[in-house]
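The following questions and answers concern the structure shown below. Please read them alongside the sequence and coordinates.

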Amino acid sequence: MLLAVLIANSEGNILVERFNGVPAEERLHWRSFLVKLGAENLKGVKNEELLVACHKSVYIVYTVLGDVSVYVVGKDEYDELALAEAIFVITSAVKDVCGKPPTERLFLDKYGKICLCLDEIVWKGLLENTDRDRIKRLVRLKPPTEF
Amino acid sequence: MAQLVKKDDDRDEEGVHYLVCYLIAKACWSYSTAEYSPFLGIEKGAVLQEARVFNDPQLDSRRCSQVITKLLYLLNQGETFTKIEATEVFFAVTKLFQSRDIGLRRMVYLMIKELSPSADEVIIVTSSLMKDMNSKTDMYRANAIRVLCRITDGTLLTQIERYLKQAIVDKNPVVASAALVSGIHLLQTNPEIVKRWSNEVQEAVQSRAALVQFHALALLHQIRQNDRLAVSKLVTSLTRGTVRSPLAQCLLIRYTSQVIRESGVNNQSGDRPFYDYLEGCLRHKAEMVIFEAARAITELSGVTSRELTPAITVLQLFLSSSKPVLRFAAVRTLNKVAMTHPMAVTNCNIDMESLISDQNRSIATLAITTLLKTGNESSVDRLMKQITNFMSDIADEFKIVVVEAIRSLCLKFPLKYRSLMNFLSNILREEGGFEYKKAIVDSIVILISDIPDAKESGLLHLCEFIEDCEFTYLSTQILHFLGIEGPKTSDPSKYIRYIYNRVILENATVRASAVSTLAKFGAMVDSLKPRIFILLRRCLFDSDDEVRDRATLYLSTLGGDGSVVETDKDVKEFLFGSLDVPLVNLETSLKNYVSVHAEIQEPSEEPFDINSVPKEVKSQPLAEKKAPGKKPTGLSAPPTGPTSTVDAYEKLLSNIPEFSSFGKLFKSSVPVELTEAETEYAVNAVKHIFDSHVVFQYNCTNTIPEILLENVSVVVDASEAADFSELASKPLRSLPYDSPGQTFVAFEKPEGVPAVGKFSNMLRFISKEVDPSTGEAEEDGVEDEYQLEDLEVVSADYVLKVGVSNFKNAWESMGPDCERVDEYGLGPRESLAEAVSAVINLLGLQPCEGTEAVPSNSRSHTCLLSGVFIGNVKVLVRLSFGIDGPKEVAMKLAVRSEDESVSDAIHEIVACG
């Protein structure tokens, strides 16, 4: 299960937060844990360079993209490698929507479209689409080209 | 505007949105700079007002999209809508189905999913969604399926089932994936419906579209997961065919491992089924697949070195990958392998050492802890040097992992205690939180308990630590430990200064602890007694009641106030003996005592009598269940974990009159499960070994809330245990739901003889139904029986694992008087390591100096063991193994002990085993 996708700005304020299968009372804990993890480790990290951690049986892969940091949390079949795949799809989609690694403002300007992309990529904790071109078309309700 | 004109065919709502927001913001916040947020000052009430545009007869698609974006932003920030608000927005959003704007429709699908309307509201959109589901536009179909499945219930699902089945085999991969992923979610809530789609899903597994295959495989496995044969068939057919997506390939590897696990170990030809497939995956082009296969191989049960080698080789390559995720995955897996096959990982040590400086601290910590497991005695010092530099820049949680690894290393190489203890004391002085400091203190305590040579230096390190310790809990625990160990050292007086400093400098809790510790020194060391009295008398003027009370009590007990003292034995029993009643019982009794007198509002005339506290342990603490595999936890579970469990058992047994005459308890085994997991009644047994008796303690748990068991006992058939004769049985009066209880059976056996045998067990009880509403049991019950697994008493039960810090010294000082040497042929074995571990398990002795680990490919090996045999006789064993071409293993067994009959008995165990 892909337990969470979280996107925050450089100050640790949450921009997008999508949890799956995480009880409501644990969400705040996860949010602060991830933001703290980012604050401690993401300084000076290059765009899209992946960092990885595990907390008990849960894996966390996170990175920086422009002004925003992206965290994905998973367990069981969503181990560090599957999460790396998921975060790669997410960062590619964000870059496609924004045209470059976004500033916070650009990210918020494209907020609606980014939400649609995330909806195509992760559906209630399962990875659904991974191809960037296909995602680009799906958010506009266009069928995939290879079909 | 230029941006808008440019994107004519693919109108970018966000562009417009940005423009509109920009204009509004500019008007409102004319002073703000360009770095404003489009959601600046966003407020739920205002957005909900704005959502009224959804009801306009002339829909403005762009504006509607903007409002939905704002709603999404609010929801993604953790904002919640009340039931009324959500309903209003939901009804308004459903109006948007009238719009033909494609972009808006996509937003509407997302919005409905986010709002997750309640069952009675769903009806409003079902017809629109059903229409979309049958639309000619594929993308409408895919999205409508996803939305419908998110909001559907069982009844609606049966109506749309036909469409979903069609969708699973739809030519458009997006539609098929949407239906399959929906299936995975729906399987949780409506399994019986989804299971009917098996044929379609099976067809989708053969799809040419990679993701469809991935989703279909996941769903098919979930549908069939309880049918071993079907899973095995699925795996067999797919491992021969082509799997297009790496993600699906990873799933297949996981399912394959499951099949291997369930099909048992090697078949007749000696090959492991599917191993070739896993090994083939190591050459796949996707790293994800290679890693998954490598991990699956390392996790095979009873994996041999030959099977392990190719997996370790690819993991080693990943260690130097430029991708941090791969490095992490590899080092994490190798770390696990190091626990069971340390020698297999040693080849990777050089690569691993370079990871100590990895920027990603999770990787560095895993590398360090792996190295600590695989390192040999000669590399310890070098490793410690590297770790010292590393410790300063990692977080506490990582430091704790390192400290625990160092503790195990020190127990493995006791001769290296000096450098490891120094390391621990150095990090103890540095900054750190409570958990970290506790881990270090626990480690030092365990080392002191296990390595006698380390005691004095360890105690001094702890003393220095409490001089400047900010944690009351740790200070009091250390003072308690100091009181027990300090008086037994060569120069107890040197600790007094540290202890008395606490009385002067610390808070009341620590001061009270320090007073108790001083008293213990006074009781144990006569030469210090007069000086301790002086210090205790000073404590009589303390500002805190508890400290003064303790000082007065101890002065009177020890005779410091000039009174007639109790006998030395009584004093020591009072100071060092533990409370012989369970704390929970004491607490309940005290509460009752206080509440009774509070009710009648009169002070009690009779003092509280501790003898009135029941001694029976109500339910076995959970800790016991977890005992196997649990590391000793240091101070919190005094000096050594296992001893404290034995203490608890000893106390429990001595309180049962039938067993009180059996003498001192020699050994208690770890609990042996006699039932499978998740059965109605869970029973495990602990074997308690006495000199001429054996007691089986059956820990029983009733897992059915509607049943109460009474008069529970275990009927033991000892026909396959000739040396044992049943002496007594102690049934359990009642066993309510989820409240564990114990029943016992005792046997007599020849004194001091390590008699062995097999016992079959039958749980017998009266079962009564419980009314769930009142919780009361019916009066009449039914007699019933429940067959349990057999229990065996083996030779290893008569041996205590007790390590020695320096085997060579111990061996030489024992002398050759009672030495017995013989040679044995062990026949063909899987490997040398397997033979070594089999003999260690058979003897039940403690491996010393890390000699239980056998280097891979070695042809000979020496293993050193030590322990105590029943009758309290020390035993040392030197095992020399050799293996030849056809894997025939020969062993030379040399035993030294304080009693030649014990040396013979050890040979007997091997000869019979």
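Two strands pair if DSSP finds at least two bridges between them, strands being DSSP runs (E, at least two residues) numbered from the N terminus. This is a predicted model, in which local features need pLDDT of at least 70, side-chain atom pairs count only at pLDDT 80 or more, and totals for chains, interfaces and linings use all residues. Residues are numbered from 1 along each chain as its sequence is written, chains are lettered from A in the order in which they are written, and side-chain values use heavy atoms, without hydrogens and water.

Q: In what order do the strands of the open sheet in chain A stand?
A: The sheet has 5 strands, and their pairing is antiparallel. β2 (14–19) and β3 (51–55) of chain A each have a single partner strand, so these two stand at the edges. The order is β2-β1-β5-β4-β3.

Q: Which residue in β2(A) stands opposite I7(A)?
A: Strand β1 of chain A covers residues 2–9. This strand runs antiparallel to β2(A), joined to it by 5 bridges. The residue opposite I7(A) is V16(A).

Q: What area is buried between chain B and chain A?
A: Buried area is the accessible area (1.4 Å probe) that two parts lose on being put together, summed over both. Carbon and sulfur atoms give 59% of the total. The area is about 5200 Å².

Q: With which residue does R106(B) form a salt bridge?
A: A salt bridge is a side-chain nitrogen of Lys or Arg within 4 Å of a carboxyl oxygen of Asp or Glu. The rule finds 10 across the interface of chain B and chain A. For R106(B), the closest N and O atoms are 2.8 Å apart, and the partner is E120(A).

Definitions and conventions:
Helices (H or I, at least four residues) and strands (E, at least two) are DSSP runs, numbered from the N terminus.
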